[in-house]
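Here are a few friendly notes to read alongside the model. Take them one at a time and look for each spot as you go.

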Amino acid sequence: MICEKTKIALENLFASKGVEETIEPEPVQEVETAGENVDEKQQELPRPDGVIERDYSVHGYHLDAQVPPDLLIDAVKIVDEGEFFIESITGVDWIKENQLEIIYDFSRYDFDLCRVVIRTRIARDNPEIPTITTIYAGANWHERETRDFFGINFVGHPHLVPLLLPEDADFHPLLKDFKA
Amino acid sequence: MNAPVETNAPIEIQPDETFILNVGPQHPATHGVLRVKMEMNGEYIVDAETVIGYIHRMHEKMGEIKTYPQFLMNLSRMDYLGALGYSHGHVLVVEKASAIEVPERAEYIRAIMVELNRIASHLFWFGAFVMDLGGFSPLMYALQDREHILDMLEAVTGSRLTYCYFRFGGVYNDIDDDFISAARKFIPRMRKSLKKYHKLVTGNIIFRKRLEGVAPLSKEICRKYGASSAVARGSGINFDVRKNEPYSVYPEFDFDIPVYHECDSMARYMVRMDEIEQSLRIVEQGLAKLPDGPVMPKKKPKIIKPPAGDYYQAVETARGSFGVRLVSDGDKIPYRLKLRSPTYSNMHLFDEACKGMMIMDALAFMGSLDLVIPEIDR
Amino acid sequence: MNLTLLNVIVAVVIAIAFAALNAAYLVWAERRGAARIQRRPGPNINGPFGLLQPPLDGIKLMAKQLTTPGGADKVLFIAAPVLAMFPAIMSFVTIPFSDTIVAKNMNVGVLMIFAFASMGSMSLVFAGWSSRNKYSMMSSVRAVSQAVAYEIPMLITTITVVMIAGSTDLMEIVNQQSPSILHWNIFPLLGNSHNLLMPLSFLIFFTCTLAETNRAPFDLGEAESELVAGFHTEYGSMGFGLFFMGEYANIVIGSCMTTILFLGGWSCPFGLFPGVWWFIIKLYILIATFIWIRWTFPRTTIYGLLNLSWKILIPLSLFNLLFTAGLIKVF
Amino acid sequence: MVTYFSEIYRGLLSLFEGMGVTFKEFIKPTVTVSYPYETLEMCERYRGHIELIENEEGEPNCVVCMMCQRACPSDCISIAGKKEEGSKKKVLTKYMLDFTKCSLCGTCVESCNFNALDFSKEYNLASTRKEDFYFDLLKRLEDRNK
């Protein structure tokens with residue numbers, strides 16, 4: 001139910017902004033049957049932006065939306081309107097593609113189960129992304145933590161200082177080229 | 001003893017009248033190395049900033065340099081009071097990713113163990129919480145009951161806190177008849193103790209006065225911060241991962257999720273106390289339904305290599321919704337392992353919620369969040 | 001003249017010894033009692049039943065260095081623990097343990113004890129202020145509001161008793177309740193007043209004693225889970241030891257007062273063999289209750305404590321005062 | 001007014017109830033094990049540090065397959081073995097356990113296919129020197145056999 005609604009809203013977001021409209025319908029139809037093959041394929045070529053409905057029993061979430069960084073705020077707003085709660089924010093360092101991926105997890109408190117993953121990829125050499133603390137106050141620590149580990153600059157964050165790492169830390173341990 | 005004073009009453013603050021109070025990193029109420037920088041106006045908190053990271057060990061990096069089985073023991077180090085719940089999340093996500101079948105008996109054993117561990121964790125929390133409020137003896141009574149659980153768990157797993165008991169596909173050791181009879185004996189004993197706790201603590205007028213109406217948390221703030229466990233359920237949110245997105249054998253059990261709508265510290269206390277009873281029910285049913293069979297699958301890949309992809313699994317631990325995100329690239333070590341710890345989110349809302357409270361109430365509120373610092377810092 | 005002076009000196013020495021001994025062994029009793037309540041053995045290694053624990057603790061405390069925090073007000077910092085101990089010892093001088101064992105009986109004994117008791121909170125203020133520690137400071141602020149709030153109902157209740165007895169002389173107050181348990185001020189069926197509300201007065205007085213001596217559940221001054229150790233956070237060595245002894249000495253004084261004012265002092269419940277032993281028995285039963293309460297209840301909040309005083313204890317004690325006055329007028 | 005008094009009454013009652021509970025506990029016997037004077041038997045599955053298992057001849061079962069060394073998440077096991085001339089089996093010459101790093105996870109015992117490792121039941125291992133925790137398991141085995 002809410003899954004459908006959120007999915008349509010997210011799709012409309014892509015449509016309205018006219019981002020890669022041509023590719024967008026394809027992944028939607030690509031509802032997975034055997035998760036493994038699809039994943040491997042995606043691993044090889046970077047996945048286009050768009051919403052994919054995932055097999056919950058394999059991946060543990062329902063909607064997987066990859067958005068360009070400038071659409072992130074709008075996408076999170078859609079999720080916020082759907083009364084989702086923020087579960088976590090994290091990053092993944094795709095060093096081969098020279099990209100950093102930021103993953104936002106959202107879930108719901110009621111029994112209308114729907115887990116939404118919003119992910120966005122940014123260039124590795126200039127990692128900047130707008131903050132979502134204006135929408136979800138609880139993103140504050142998650143974003144600080146992601147900055148600690150990946151060196152991603154969350155533009156507009158109210159208090160972007162190291163949280164888990166020491167105050168003077170200038171290293172980012174979860175980058176794949178980090179050497180202790 | 002009339003209605004409690006309005007503690008969140010707005011107070012006029014002159015800018016030069018406040019002072020900074022550093023609660024922690026070593027402070028009796030923070031249960032570890034947590035620091036809260038409070039800007040105080042007399043006894044009232046004007047502003048607070050939680051500083052964490054004093055016991056940060058970078059488990060996520062360890063996850064990226066160790067193979068899957070080698071990382072198993074790290075999960076018990078995250079939260080030393082409810083370790084099994086965390087291991088459960090980890091093994092579930094790896095099993096899901098690499099499609100390992102788990103024998104039914106192993107699933108039941110896991111559920112029983114996790115619930116016993118949850119009771120142990122809640123008991124310790126109960127004792128520590130009452131001690132935060134100045135009552136000493138309940139801690140000792142709670143520890144006595146917890147000791148029985150630890151003895152049972154030790155007899156099966158070989159360890160008292162850092163169990164490292166779950167394996168991909170099953171559990172390390174089968175449980176024996178001694179354990180079953182000990183657990184059966186424990187259930188009525190615990191119920192009797194619960195009655196004692198309610199008489200000694202819950203009914204106590206001093207205790208009620210300290211908690212009722214104190215530190216209200218709205219549903220909205222819970223949602224914005226992603227609170228879970230008793231923090232959410234005490235604010236009238238019926239959210240428990242065991243019910244909302246059933247995993248393992250939890251759909252087989254008949255249990256309730258206690259939800260209180262008062263939103264105050266008392267509600268959070270009552271939720272946890274009721275959860276002990278619900279966990280006892282699960283253990284009872286689990287012992288009755290326990291099927292025979294092996295505890296490890298016959299077919300299991302020698303080296304665990306989940307296919308490339310992105311997997312997520314949430315479980316309900318003693319402290320709330322714990323999530324593991326596994327990004328695999330098909331290798332024998334994970335590409336990325338994100339551990340979403342529940343107290344991290346629960347603690348986060350402290351900064352906003354404690355504004356305008358008195359320091360006593362704020363620390364009682366902090367106690368009601370059920371903090372385990374290594375679990376926040378990971 | 002010489003004789004009285006000698007008398008007083010001996011009395012003070014005995015009082016100090018009594019206070020110190022009581023303090024030391026009440027710590028032991030508290031630890032043992034708490035342990036029993038929590039089903040532990042408690043200190044049992046040093047000496048039989050751990051009876052050598054208190055002197056050894058004392059030696060340890062005395063062997064430690066007395067440190068003063070940087071920037072502290074040194075004079076007040078040193079004066080505070082002395083001030084905690086001094087009034088307690090002075091109060092012992094006037095307390096009648098039996099009709100013969102009393103150092104110096106005064107016809108304003110009640111007043112004197114209350115005068116000295118009020119000084120106790122001053123030591124907390126000094127300690128908190130001079131420690132240059134925010135926790136200590138907050139603790140001393142609490143101590144003042146607590147002292148103000150609880151002295152009022154305590155005094156009002158005492159006035160009720162004084163009205164019944166018609167005297168502020170402690171000896172006289174005890175003698176008034178002498179024949180049997182029914183003459184005691186707590187059950188004044190055969191006494192002067194016939195006031196059925198006196199058990200309530202006793203409870204009020206007892207609660208106030210708990211609050212005055214900063215005992216749980218009213219130990220807001222040292223509330224260790226929020227204020228670390230409150231006013232004595234910065235104290236070590238014998239400075240801390242004196243605070244500790246002062247606390248227990250105050251407990252003894254409080255219990256002595258309760259015994260004298262409400263439980264008939266040294267008189268026997270059945271009118272047999274009145275003497276100092278009855279006093280001691282009553283005293284230690286009360287002290288045991290103090291310990292028992294401490295290990296049962298959580299701590300109140302500061303506003304809960306003030307609410308209790310201003311909204312419940314003061315109105316009730318005032319009502320009881322008027323009621324008693326009326327009864328005395330009628331009978 | 002009625003609520004005022006009933007609250008006082010109920011509050012007082014709850015306090016006395018609480019005191020009743022503690023009094024009941026007061027007269028119950030203590031449950032403590034006074035540790036240095038009494039000790040508890042460790043349970044059968046207790047996971048202490050590891051020990052080598054010997055065969056009938058008193059030689060370790062270990063065949064130096066290095067499984068435990070590879071399985072250890074904390075790198076605390078270092079093994080060395082040599083092949084005797086003429087025989088096919090490798091003989092264990094060194095088995096060092098760095099207990100300072102060990103997290104007692106038991107993965108080594110689990111990974112062993114030759115029944116060569118077991119958990120020790122020893123738990124009184126406190127020491128002030130780091131060197132005391134570098135265990136030479138072969139030596140310990142010899143000491144046990146003496």
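Which residues does the UniProt annotation "binding site" cover? The points below start from there.

1. The annotation comes from an unreviewed UniProt entry and covers D:Cys62, D:Cys65, D:Cys68 and D:Cys112. They are spread over 51 residues of sequence, yet they cluster in space, with a largest C-alpha distance of 10.4 Å. UniProt positions follow the numbering used here, feature names are shortened, and annotations may be inferred rather than shown by experiment.

2. Please remember that this is a predicted model: local features need pLDDT of at least 70, side-chain atom pairs count only at pLDDT 80 or more, and totals for chains, interfaces and linings use all residues. Residues are numbered from 1 along each chain as its sequence is written, while chains are lettered from A and ligands numbered from 1 in the order in which they are written.

3. Now find D:Cys62. D:Cys62 counts as buried because 24 other C-beta atoms lie within 10 Å (buried means 20 or more other C-beta atoms within 10 Å of its own, exposed 12 or fewer, partly exposed in between, with C-beta atoms placed from the backbone). Setting aside residues up to four places away in sequence, D:Cys62 touches D:Leu52, D:Leu92, D:Tyr95, D:Phe114 and D:Ala116 (contact means C-beta atoms, placed from the backbone, within 7 Å).

4. Next comes D:Cys112. D:Cys112 is buried too, with 20 other C-beta atoms within 10 Å. Beyond its neighbours within four places in sequence, D:Cys112 is in contact with D:Met67, D:Cys68 and D:Leu117.

Note on methods:
Contact = placed C-beta atoms within 7 Å.
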